[in-house]
Amino acid sequence: MKFTYDVIKKPVITERSMEGIQNNKYTFEVARDAGKIEIKKAVEEIFGVKVMKVNTIKLPGKWKRMGVHTGKRPDVKKAVVTLTPDSKKIEIFENMV
């Protein structure tokens, strides 16, 4: 059993994710082993909103070089959360737009 704050890591602040706010779509980086139902419950509990749909994306880490040494960035999982039309806005994104 995971705690709510272990599922949602941080919001994703990019140009593309900011365009989705007008359509009630918010993007978060989530734990790699989190499912859509866990993500939905976590967002509803943390922000007090009603979630309509959750889409997830798994992104593999990139290989990077520093001279002769090579390394790999960690894999990342993102979730695009769509809120219901009658739900309130998420406050942390309010001043970003």
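**Getting started**

I began by noting that helices (H or I, at least four residues) and strands (E, at least two) are DSSP runs, numbered from the N terminus. I also noted that two strands pair if DSSP finds at least two bridges between them.

I kept in mind that this is a predicted model, where local features need pLDDT of at least 70, side-chain atom pairs count only at pLDDT 80 or more, and totals for chains, interfaces and linings use all residues. Residues are numbered from 1 along each chain as its sequence is written, and side-chain values use heavy atoms, with hydrogens and water left out.

**The hairpin**

I looked up strand 4 (residues 63–66) and strand 5 (residues 69–72) and found them antiparallel, joined by four bridges. Lys64 sits opposite Gly71 of strand 5. Two residues lie between the strands of this hairpin, and Gly67 has a positive phi near 70°.

Next I traced an open sheet of four strands, with antiparallel pairing and the order 1-2-6-3. Which strands stand at the edges? They are strand 1 (8–11) and strand 3 (51–59); each has a single partner strand, so one side of each has no neighbour in the sheet.

**Helix and core**

I then saw helix 3 (residues 36–47) lying across strands 1, 2, 3 and 6 (76–83), at about 120° to strand 3.

How many residues does the largest nonpolar core have? I read 21, and those with the most contacts inside it are Ile8, Phe28, Ile39, Val43 and Ile90. Such a core is a set of buried Ala, Val, Leu, Ile, Met, Phe, Trp, Tyr and Cys residues joined through side-chain atoms within 4.5 Å; buried means under 20% relative accessible area (1.4 Å probe, protein chains only). Helix 3 gives the most to this core, with four residues.

I followed Val43 and, leaving aside neighbours within four places in sequence, found Val43 in contact (heavy atoms within 4.5 Å) with Ile8, Phe28, Gly48, Val49, Val51 and Val81.

Conventions: Axes are lines fitted to C-alpha atoms, for helices over the stretch in contact, and angles run from 0 to 180 degrees between N-to-C directions. Buried means under 20% relative accessible area, exposed over 50%, partly exposed in between (1.4 Å probe, protein chains only).
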